[in-house]
Amino acid sequence: MLRGRHRAVLWALLVAGTVLLQGCSTFGAKSRGDKLDPWENWNRKVFSFNEQLDAKVLKPVATAYSNLVPHPVRLGIDNFFANAADAWSAINNFLQGKIEYGLQDVVRVSTNTVFGMGGFIDIASDFGLEHHNEDFGQTLGVWGIGQGAYIVWPLFGPSSVRESFALPLDRAVSPALVINDGTAKYEITILQLINTRANLLGASKVLDDIALDKYTFVRDAYLQRRRSLVYDGDEPPSPPPPPADESKPAPAQ
């Protein structure tokens, strides 16, 4: 019973803190653009740091990994990490009230874990069970927590006030979570990072070619995608602009 109470208190603090941070993020904002990205100067500096880190470390390592590791092996590693993500997706579907999708995720994880060599082979997809890819950031959005201001974190990249609150939980979901060996934990985490970056090599090249202002392009694409994910692609219409104040006299011609 005590554990249950502690969990309830933790959830309450989590949601309350998210609401508080969201309010702080727009304090003093003078326009919609300020509310969207009030820390743009700082965000651009962090974005530049991440770009340099990627160019000097992550991209070269990911390129070497992609060239040296055969595609079937990389595909198996993708499936292995995706299997853990499906388990987290199931929990978030249940938290969002999407019971059917949650059960489908449970079946996916069970099938791939038992019959797919621990998740290295994606058998469930062959039976028509698709990924749902739900995370805790989306769950907070479904619960009515606003996205808040845009934030760029070192190494982790684009985020928002709401997603930042969910970040520790979403990033912790990995096969490394259930391993007690400290060395193995780090090795699996590094492998996941390199494998993820290797999968984005083609996309990053296209982005470099088309984006005049890469920061703005990434920011707008990230915020739009996260909004779409919260509403499962069925976004509500934007609110109409506020009506003009008819009590004010018309400007002189």
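Me: Is Asn-67 buried or exposed?
Reply: Exposure is read from relative accessible area, and over 50% counts as exposed. In this predicted model, Asn-67 has a relative accessible area of 62%, so Asn-67 is exposed. The residue lies in helix α3.

Me: What share of contacts in the protein chain joins residues at least 24 apart?
Reply: Among contacts between residues at least 6 apart in sequence, the share is 66%.

Me: At what angle do the axes of α3 and α11 cross?
Reply: Angles of 65 to 115 degrees count as roughly perpendicular. Helix α3 covers residues 40-68 and helix α11 covers residues 214-230; their axes cross at roughly 105° and come within 11 Å. The two helices are therefore roughly perpendicular to each other.

Me: Which residues make the contact?
Reply: From α3 come Glu-40, Asn-43, Arg-44, Phe-47 and Glu-51, and from α11 come Lys-214, Tyr-215, Thr-216, Val-218 and Arg-219. By class, the contact has 5 charged, 3 nonpolar and 2 polar residues.

Me: How many helices and strands does the protein chain have?
Reply: The protein chain has 11 helices and 2 strands. Along the sequence the pattern is α-α-α-α-α-α-α-β-β-α-α-α-α.

Me: What percentage of the residues is buried?
Reply: Under 20% relative accessible area counts as buried. Of the 253 residues in the protein chain, 34% are buried. The accessible surface comes to about 16200 Å², with 65% belonging to carbon and sulfur atoms.

Technical notes
Residues are numbered from 1 along each chain as its sequence is written. This is a predicted model: local features need pLDDT of at least 70, side-chain atom pairs count only at pLDDT 80 or more; totals for chains, interfaces and linings use all residues. Side-chain values use heavy atoms; hydrogens and water are left out. Axes are lines fitted to C-alpha atoms, for helices over the stretch in contact, and angles run from 0 to 180 degrees between N-to-C directions. Helices (H or I, at least four residues) and strands (E, at least two) are DSSP runs, numbered from the N terminus. Angles under 35 degrees count as roughly parallel, over 145 as roughly antiparallel, 65 to 115 as roughly perpendicular and the rest as oblique. Contact means heavy atoms within 4.5 Å. Ala, Val, Leu, Ile, Met, Phe, Trp, Tyr, Cys and Pro count as nonpolar, Asp, Glu, Lys and Arg as charged, and the others, Gly among them, as polar. Buried means under 20% relative accessible area, exposed over 50%, partly exposed in between (1.4 Å probe, protein chains only). Accessible areas come from the Shrake-Rupley method with a 1.4 Å probe; for residues, only the protein chains shown count as cover.
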